[in-house]
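Here is a brief report on one protein model. Please view the sequence and the 3D structure first.

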Amino acid sequence: MRILESAENYLETILVLQNRIGNVRSIDIVAEMGFSKPSVSVAMKNLRENGYIHMDENGYITLLEPGRAIAEKIYERHTLLTEWLTSLGVSPKTAAEDACRIEHVISDESFQAMKNHVRQRQ
C-alpha cells in the first residue's frame, strides 16, 4: 500500500522526536513541523485510524509496527541522501531540504544501489 508523502513526513518526525525526547505528543509535532494544531490533530487521527500509530489516554503517541517500518525507511533515506549530497559539496541546509524531497520519490531499487555505492566508497 502506498502511503502519502505527508503521512511519511509525520511518521518520520514522530520517530525523530521519540529518539530525541522520548515521549511524543501532538504539540511536539506542531513545534517540530511548524504546522497548526488542527492540521496535526487531523493527521494523527488518520494515522491512528490506519494503524500506524497509537495514542494513549494522556495523548502520548507510539509508532505501531507498520508506522515504525515506514518511519525508519524514510529516515534512513533522509540521512543517507543528506550525507551524500553534503559530501558532494552541497550546503548542509540545501542537502537536507533536497533529501526531504528525494526520499519520498526515489525507488527502492535506486536507493539500494545508491546505498551500496556509498558504502563501497567509505
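The model is predicted.

## Packing of H1 and H3

Helix H1 spans residues 5-21, and helix H3 spans residues 37-49. Their axes lie 11 Å apart. The packing angle is about 95°. Angles of 65 to 115 degrees count as roughly perpendicular, so H1 and H3 are roughly perpendicular to each other.

H1 brings Ala 7, Tyr 10, Leu 11 and Ile 14 to the contact. H3 brings Ser 39, Val 40, Ala 43, Met 44 and Leu 47. By class, eight of the contact residues are nonpolar and one is polar. No charged residue takes part in this contact of H1 with H3.

## Arg 77 in H4

Arg 77 sits in helix H4, residues 65-87. Is Arg 77 buried or exposed? Its relative accessibility is 4%. The cut-off for buried is under 20%, so Arg 77 counts as buried.

Leaving aside residues up to four places away in sequence, Arg 77 touches Glu 103, Ile 106, Ser 107, Asp 108 and Phe 111.

## Gln 112 in H6

Gln 112 belongs to helix H6, residues 108-121. Its relative accessible area is 36%.

How far apart are Gln 112 and Arg 77 in space, C-alpha to C-alpha? The distance is 9.6 Å. In sequence, Gln 112 and Arg 77 are 35 residues apart.

Technical notes. Residues are numbered from 1 along each chain as its sequence is written. This is a predicted model: local features need pLDDT of at least 70, side-chain atom pairs count only at pLDDT 80 or more; totals for chains, interfaces and linings use all residues. Side-chain values use heavy atoms; hydrogens and water are left out. Helices (H or I, at least four residues) and strands (E, at least two) are DSSP runs, numbered from the N terminus. Buried means under 20% relative accessible area, exposed over 50%, partly exposed in between (1.4 Å probe, protein chains only). Axes are lines fitted to C-alpha atoms, for helices over the stretch in contact, and angles run from 0 to 180 degrees between N-to-C directions. Angles under 35 degrees count as roughly parallel, over 145 as roughly antiparallel, 65 to 115 as roughly perpendicular and the rest as oblique. Contact means heavy atoms within 4.5 Å. Ala, Val, Leu, Ile, Met, Phe, Trp, Tyr, Cys and Pro count as nonpolar, Asp, Glu, Lys and Arg as charged, and the others, Gly among them, as polar.
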